[in-house]
Amino acid sequence: MMSGGVGKYTHIDNQKVSGSVPSVPDPGHVTVQFTDSNLQTFPPSESQGKISGGTRPPRDADDTFSKPVSGSEESQQGGWFRTFTVAAYKPYFDVDTTDVLERIKYSLFPFRGTFTEKTVNNPDLYGPFWICTTLIFVAASIGTFVTYIAHKLQKKEWNYDINLVTWSAGVFYGYVLLVPLVLYVILKYFSAPSGLVQLFCLYGYSLFVFIPALCLSVIPLEIFRWVIAGVAGFMSATFVALNLRAHIMSAVLFKDIDSGLDLALALE
């Protein structure tokens, strides 16, 4: 209702007016109850909710984009083609500094003969590669330095010989590659097979002793150099021989055990 001449509403009567919404009485306190749900757990169980297990795509659906990309190419390659991939050699470089130092320490104590046993499950090519590469440059550097000093003492003209690098690379890489390959064939022929990578690892670490030996050969005493070279060669050969002996003995032992078991089964 309008009061006086003032254009304001003071109150509205509780009556029905055309085109208006009737007032609703206060119903009091209303208790709203929610049913238990599994919103606290993610992902929700398949038996509850609107998205159930029946709405999932079939098992043979195309999940190309959900597969990891890293292993897609590796799984498609096999046989001899895998030999020419980088992935084929990844396990042989899966070592850290602690592993390499531990194996170098074994090579400096050649009379133990336990190197093959320690590395049978994880032979590496990382250590042998860098040992051979270091030997190449150390041998070339030391050889160049020794010849330089000798020429200077004799007051002769000295020229750098680049062939020392190629000669060192041929000797050390050839030794590590060809000798284990020949030995692999021989062991396989005499029924005492060994892994080819295991032999590469053994021969590669056996060369580490020549690094300090070459550094000591800087001393300008011919007899001292021969003694150092002889000691290094003896330690390297002993390291290889004792580990090969342990491998052959274990192979022969297992062969005898298998023969005994076959004989016992035949008698039964």
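Buried residues are those under 20% relative accessible area. By this cut-off, phenylalanine 115 and phenylalanine 239 are both buried in this predicted model. Their rings have centres 5.1 Å apart and planes at 65°; planes over 60 degrees apart count as edge-to-face, so this pair is edge-to-face. Together with Tyr205, Phe115 and Phe239 form one aromatic cluster.

The count of aromatic pairs comes to 6. Another edge-to-face pair is made by tyrosine 175 and tyrosine 203, with ring centres 5.6 Å apart and planes at 65°. This pair also links distant parts of the chain. Tyrosine 175 lies in helix H5 and tyrosine 203 in helix H6, 28 residues apart. The two partners differ in accessibility. Tyrosine 175 has 28% relative accessibility and so counts as partly exposed. Tyrosine 203, at 7%, counts as buried. A charged group also meets a ring elsewhere: arginine 112 lies over the face of phenylalanine 109, at 4.9 Å from the ring centre.

The largest nonpolar core holds 25 residues. Phe115, Tyr205, Leu207 and Leu244 touch the most other members. Two or more residues of this core come from each of H2, helix H4 (126–153), helix H5 (163–189), helix H6 (196–206) and helix H8 (222–267). Leaving aside residues up to four places away in sequence, leucine 207 touches Ile131, Cys132, Leu135, Phe172, Tyr175, Val176 and Ser236. Tyr175 is thus both a contact of leucine 207 and a member of the aromatic pair with tyrosine 203.

Helix H2 contributes to the core and has two contrasting faces. H2 covers residues 97–108. At 1.5 Å a residue, its 12 residues should span 16 Å; the end C-alpha atoms are 17 Å apart, which agrees. Val100, Arg103, Ile104, Tyr106 and Ser107 are buried in H2. These residues cover an arc of only 155° around the axis, which puts them on the same side of the helix. An α-helix has 3.6 residues a turn, so residues three or four places apart point the same way. The face turned away from the buried side carries the exposed residues Thr97, Thr98 and Leu101.

Technical notes
Residues are numbered from 1 along each chain as its sequence is written. This is a predicted model: local features need pLDDT of at least 70, side-chain atom pairs count only at pLDDT 80 or more; totals for chains, interfaces and linings use all residues. Side-chain values use heavy atoms; hydrogens and water are left out. Helices (H or I, at least four residues) and strands (E, at least two) are DSSP runs, numbered from the N terminus. The expected span of a helix is 1.5 Å times one less than its number of residues. Buried means under 20% relative accessible area, exposed over 50%, partly exposed in between (1.4 Å probe, protein chains only). The arc is that of the directions from the helix axis to the C-beta atoms. A nonpolar core is a set of buried Ala, Val, Leu, Ile, Met, Phe, Trp, Tyr and Cys residues joined through side-chain atoms within 4.5 Å. Contact means heavy atoms within 4.5 Å. Rings of Phe, Tyr and Trp (its six-membered ring) pair if their centres lie within 6.5 Å; planes under 30 degrees apart count as stacked, over 60 as edge-to-face and the rest as tilted. A charge sits over a ring if NZ of Lys or CZ of Arg is within 6 Å of the ring centre and within 35 degrees of the ring normal.
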